[in-house]
Amino acid sequence: MKSNPERIQNLSIEGKGGVFKFSYLQRLAAGTAIRRFLTTSKTPCGHPKNIIWKRQPEYKDVHTVLDWLTKNKNHIAIGCIATVLLLLQCLVAVGQQSTDKPNILFAIADDASYPHMGAYGADWVDTPAFDRVAEQGILFTRAYVPNPKCAPSRSIILTGRNSWQLEEAANHWPDFPQKFKVYTEVLAEHGYFVGSTGKGWAPGIANNEEGAPRHLAGRPFNEHQLETPPAGGISGNDYAANFEAFLKEKSAGEPFVFWYGGYEPHRGYEWQSGLNKGGKSLDQIDEMPGFFPDNDTIRTDLLDYAFEIEHFDEHLGQMLDLLAERGELGNTLVVVTADNGMPFPRIKGQSYEYSAHMPLALMWPERIVNAGRKVDDFVSFADFAPTFIELAGLDWEETGMHATVGRSLTDILYSDREGVVNPDRDHVLVGKERHDVGRPYDWGYPVRGIIKGDMLYLKNFKPDRWPVGNPETGYLNTDGSPTKTAVLDRRTAPGQYHYWAWNFGKRPGEELYHIAEDPDCLHNLAEDPAYTEEKKQLKEELYAKLKEQEDPRVLGRGYVFDAYRYMNQANYNFYHRYMEGDLEKSDAGWVNGSDFETEPLPVQQQ
Ligand SMILES: [Ca+2]
């Protein structure tokens with residue numbers, strides 16, 4: 001609906017009682033009249049309100065109502081016309097609001113690290129759709145997910161809170177607390193058409209009071225399937241067709257919020273799909289993380305990862321084209337990112353630079369000026385929900401959601417600046433509790449940290465625990481892969497032990513890295529006297545902020561996170577059930593049988 005306030009303001013209608021002009025003063029009085037109208041059962045001229053409404057055939061359409069009024073002007077008492085016009089004014093206001101509300105397309109890949117999108121210069125990953133969003137919008141260089149694992153990452157996005165503020169939802173595979181309302185539920189209550197396809201909030205259980213699923217990412221649209229997915233390991237979901245089905249079900253003019261949750265590039269991969277189907281070559285990879293040995297196996301694995309990112313991107317491209325064809329791209333905020341770092345050792349599920357640093361591009365053609373900007377402000381995933389709530393014209397306090405630590409990104413969206421737009425956005429907090437099982441008593445590996453400027457400080461609260469899970473249960477917080485196998489093999493290879501130690505060995509209580517110079521986070525500066533003061537300041541700021549956020553881990557109640565039940569019945573308490581022979585290696589289906597150490601490991605020689 002396109003409203004035309006000027007036409008309404010200048011309208012005159014002749015009725016039995018004379019000429020009614022919709023004057024400026026009457027416009028001013030409209031608010032009072034409408035409030036009175038809405039709180040009484042009759043119009044000023046004595047008609048029950050429902051008659052007025054029934055007589056307006058399609059009251060949502062201003063022009064239809066105007067036509068109806070004009071045709072019926074001689075049969076309506078002038079008082080009623082006045083009332084209808086005042087109502088109309090109200091509807092115009094509502095109409096303008098809904099026209100102004102942007103649509104939101106939130107596209108999230110599953111397990112992709114910064115900087116593995118073409119726009120960041122990764123030549124071995126071809127992502128024309130992501131690059132288009134960056135060129136026609138904003139490319140972010142410092143977007144971080146506070147907790148780099150599927151379920152907690154998505155919980156942060158949906159609630160605008162850090163994972164340590166979400167009780168059970170701090171963990172992977174949780175029972176998502178009913179008390180935490182999410183932005184999709186709020187927008188659905190306020191006129192948005194809400195849906196999702198692919199991987200929504202997962203994995204875990206999120207039910208309402210009646211025990212029915214809440215569908216936190218939005219009502220699923222998953223009916224359409226691909227005839228043949230491009231490679232084994234790639235989902236059969238025809239994401240773009242399901243987005244189209246969603247749009248077809250939406251009423252004209254209704255704003256939408258849609259969650260495109262690609263299952264890619266989550267493992268598993270079809271071995272050599274990047275080489276054989278993606279037309280890639282091993283020498284295209286110009287950088288190899290320093291914590292991996294450089295060999296053809298790992299390069300091949302990386303290309304297979306790239307091939308899956310490209311599938312995610314291909315469907316994003318189809319969605320952008322579809323919106324453009326429908327004329328809806330201009331007023332759609334498109335957000336493209338991933339939930340956590342790539343599914344490789346020392347990355348996904350850890351708290352390092354590759355783990356938490358995410359690709360992020362936003363476009364909104366009608367509102368973002370100076371498109372093609374690069375922005376260096378620190379952005380946290382807790383910032384998404386406040387952005388969407390503000391764009392929907394709502395105050396957070398009225399949503400019923402718990403208080404957010406995020407900050408709406410509109411200061412960046414509405415600015416024309418590149419580089420650092422808002423110097424206050426100078427850090428991000430990170431942290432984790434339990435991800436995958438694999439330690440005695442389903443313990444987690446608690447970490448908190450802060451990324452500020454060029455530095456990453458991490459506090460490991462339980463350095464006596466195995467950071468990726470116990471060796472005898474297969475290091476379960478790293479998905480099985482050719483790279484994982486290659487690194488595990490290095491433990492006993494002469495002169496290669498350090499690869500195993502970086503990826504799977506125990507860690508000290510504190511870590512400090514200069515991520516600009518050492519993005520691989522290999523040179524721990526925590527005990528370097530040159531960094532004593534800097535470390536102290538970062539630690540103080542971290543603890544002060546965590547206390548402000550009432551994090552149980554720094555308030556002496558960290559044990560609550562270990563006590564929350566891991567909700568996957570198939571493999572909760574995996575350590576004890578496996579060690580006692582009740583479970584098999586194959587019950588941890590995301591790793592390989594060869595990942596389990598069969599001999600007790602020697603004392604670690606770090
Ligand atoms: Ca993930």
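The model is predicted: local features need pLDDT of at least 70, side-chain atom pairs count only at pLDDT 80 or more, and totals for chains, interfaces and linings use all residues. Residues are numbered from 1 along each chain as its sequence is written.

**View 1. Confidence along the chain.** The predictor's confidence in each residue, pLDDT, runs from 0 to 100. Its average over the chain is 89, and 83% of the residues score at least 70. Confidence is lowest in helix α1 (residues 5–9), with a mean of 39, and highest in strand β3 (residues 103–109), at 99. Helices (H or I, at least four residues) and strands (E, at least two) are DSSP runs, numbered from the N terminus.

**View 2. Residues 22–65 and 90–98.** Over residues 22–65 pLDDT stays under 50, and the model has 53 contacts beyond four places in sequence for them. Residues 90–98 also have pLDDT below 50, with 15 contacts beyond near neighbours in sequence. Two residues are in contact if their C-beta atoms, placed from the backbone, lie within 7 Å. Where pLDDT is low, the predicted coordinates should not be read in detail.

View 3. Ten of the ten residues of α7 (residues 150–159) are buried, so the helix is largely enclosed by the rest of the structure. Among them are Cys-150, Pro-152, Arg-154 and Thr-159. The cover over these buried residues includes α8 (183–189) and α13 (384–391). Gly-160 follows α7 and has a positive phi, near 75 degrees.

**View 4. Two cis peptide bonds.** Ala-202 and Pro-203 are joined by a cis peptide bond with omega about -5 degrees. Pro-203 sits in the loop between β5 (193–198) and β6 (219–220). The bond from Glu-264 to Pro-265 is cis, with omega near -5 degrees, and Pro-265 is in the loop between β7 (256–261) and α10 (273–276).

**View 5. Positive phi at Arg-346 and Glu-550.** Arg-346, a residue other than glycine, has a positive phi near 65 degrees and lies in the loop between β8 (332–338) and α12 (353–356). For Glu-550 phi is positive, near 55 degrees; this residue lies in the loop between α17 (532–548) and α18 (559–563).

Key: A residue is buried if 20 or more other C-beta atoms lie within 10 Å of its own, exposed if 12 or fewer, and partly exposed in between; C-beta atoms are placed from the backbone.
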